[in-house]
Amino acid sequence: MVKVMDGLNSMPWTRLGPLANGWTVEGTHIPPRDRFKYGYDLWSNGLAFEAFGIGRTYKVTIRAPEYGDGVWLFNFDTQGRAVNVSYTGTYWGTARLPNPELKMDFRLLPYPRYRPEMHRLIGGTWLRAKWTDNIDRSGLNYRAEILRESDPFYQAAMATLDEFVRQCMTGGLSADSADAAELIAIYRTLPVRHHLELQQESARFHGILQTCGDIPVEPPELAYDHYHAIPLKVQHGCGGPCTFCSLYDRRIRILSEEDTRRQIDDMAGYLGEELDHFSKVVLLEGDALTVPSEQLATELHYARQRFAIEHVPFAHAFAKASTVMKRSRQELQLLKDSGLLNVNFGLESGSQELLDLVKRGQNLSEFHDTVALLREIGINVSINIICGLGGVEFRDRHIEETVKFVQSLPPGTKVFYSTLQISPTSRYARKQSAMFGGEVATDDIDRDKEKFARELGAAEYLFVPM
Ligand code: SF4
């Protein structure tokens, strides 16, 4: 539910500066907002809703007419971490900052209403802005692209940030009013962090979760809510034998209750005052309900208490239906009462023959019964299907049988699709031509997506690593 506009950009700005290098700096401090009131800003392009996760915000603009034709805007969270950066111009120093190209899956608004922009997620991944193209129907289309360190916009933004932080911390920022002096003191106390410290923060986040590198922690049903969800790893791996995937370690390792409690404490420390606007938890990794139910219930209680989350239910979990079906009704009821809100299953396909061929280890009739039981108990279910699974050989059957199977599931089951990503070293990749007649062409995949959207109301699932 999007609450629009709380007037953040109408706060008064204080001139701070100029910096010793001649750049002009202004700053403002947005006071804390109501708990659970989403910090949505309506930017000047009028369409891009932004949900950077902030309860209290510190904003800085930087301009230097001889150096660049635009204005930088940095937003910092209460830990001094930049969470959002935008620029209104096309160049800064020698860096050219063009609009993203269409291949990036954005529907762009005509310049100058568009501006380059990036957002830092909870774990440190930078994303290019998200855009919506059917806001009139309140259907916010999710658009995201990961910004790599080689991207000129990232580099220019980080160089500008570093220069601001350096001058702020070493006295290069001069105050010519009491308000300015107060604001500069706040930035030093936070303290605002330069880009290497931001990277250290990312490493700290991954260390807490004991993950290395990118992890897709955003369940699809949280597409516009992920700034408000705290990831927690309650088990390691997924236990899936699927031939096409190498997302997680195959072996399941359940984290002890003590480890999970420590993780919850560390995550609370990482978020600090930012905890105020987090209202959900996402349980990692691939099969959270493999954790014994009583233990998981206790962990959920502790997380809710430690993160001061008032809403119940509040937890999303990735799980396997074949695991959930081994849980009794009483156990599932206990988990619901402890806050389990939504379980996300990878259905992948409604063709039993295809599932067996890719070693999915999933019986469709059991999957159906598991979804029905969860819905009966009042736990929401979202499912994912994979476009392109089974290649050319299975294309028609995959689509038809999946549509039929999903339509047989209880109403209210949310459906998402993604495109097949094959691990190059996987068995699937080696056998693809012989077993499945090769990959489905991109145009056909697009047609399949349209069919899933039309007939199942399915939405696209983009993996967004934190
Ligand atoms: S598809 Fe799911 S269950 Fe299968 S290997 Fe991948 S993450 Fe594991």
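This is a predicted model: local features need pLDDT of at least 70, side-chain atom pairs count only at pLDDT 80 or more; totals for chains, interfaces and linings use all residues.
Residues are numbered from 1 along each chain as its sequence is written.

Start with the whole protein chain. Its secondary structure comes to 12 helices and 21 strands. Helices (H or I, at least four residues) and strands (E, at least two) are DSSP runs, numbered from the N terminus. Of the 466 residues, 41% count as buried. A residue is buried if 20 or more other C-beta atoms lie within 10 Å of its own, exposed if 12 or fewer, and partly exposed in between, with C-beta atoms placed from the backbone. Among contacts with a separation of 6 or more, 74% are accounted for by residues 24 or more positions apart. Two residues are in contact if their C-beta atoms, placed from the backbone, lie within 7 Å.

Eight strands form an open sheet in the order 1-2-5-6-7-10-11-12, with antiparallel pairing. Its edge strands are strand 1 and strand 12 (145–146), and each pairs on one side only. Two strands pair if DSSP finds at least two bridges between them. Strand 2 (residues 24–30) pairs with strand 5 (residues 57–63) over seven bridges, in the antiparallel sense. Here Ile30 stands opposite Thr57 in strand 5. Strand 5 also pairs with strand 6 (residues 71–76), again antiparallel, over six bridges. Two pairs of residues mark this join. Ile62 stands opposite Trp72, and Lys59 has Asn75 as its bridge partner.

Which elements does helix 2 pack against? Its buried residues pack against strand 1 (14–16), strand 2, strand 5 and helix 1 (152–169). Helix 2 (residues 178–189) has 12 residues, which should span 16 Å at 1.5 Å a residue; its end C-alpha atoms are 16 Å apart, which agrees. The expected span is 1.5 Å times one less than the number of residues. The buried residues of helix 2 are Leu183, Ile184 and Tyr187. They lie on the same side of helix 2, because they cover an arc of only 100° around the axis. The arc is that of the directions from the helix axis to the C-beta atoms. On the other side of helix 2, Ala178, Glu182, Ala185 and Thr189 are exposed.

Strand 13 and strand 16 pair in the parallel sense over five bridges.

Is strand 16 covered or exposed? Strand 16 is mostly covered, with five of its five residues buried. In a regular strand the side chains alternate between the two faces of the sheet. Lys280, Val282 and Leu284 are buried on one side of strand 16, and Val281 and Leu283 are buried on the other.

Helix 5 (residues 293–306) comes next. Its 14 residues reach 20 Å from the first C-alpha to the last, close to the 20 Å expected at 1.5 Å a residue. The buried residues of helix 5 are Leu296, Glu299, Leu300, Ala303 and Arg304. They cover an arc of only 135° around the axis, which puts them on the same side of helix 5. Their cover includes strand 13 (229–233), helix 4 (257–271), strand 16 (280–284), strand 17 (315–319) and helix 7 (329–337). Ala308 follows helix 5, and its phi is positive, near 50°.

Turn to the ligand. Around it are Cys238, Gly240, Cys242, Cys245, Leu247, Tyr248, Gly286, Lys320 and Gly346. A residue counts as near a molecule if its C-beta atom, placed from the backbone, lies within 6 Å of it. By class, this shell has five nonpolar, three polar and one charged residues. Ala, Val, Leu, Ile, Met, Phe, Trp, Tyr, Cys and Pro count as nonpolar, Asp, Glu, Lys and Arg as charged, and the others, Gly among them, as polar.

Finish in a loop. Pro411 is found between helix 10 (391–407) and strand 20 (414–419). Pro411 is exposed, because 6 other C-beta atoms lie within 10 Å. Pro411 and Arg375 are 36 residues apart in sequence and 9.0 Å apart in space, C-alpha to C-alpha.
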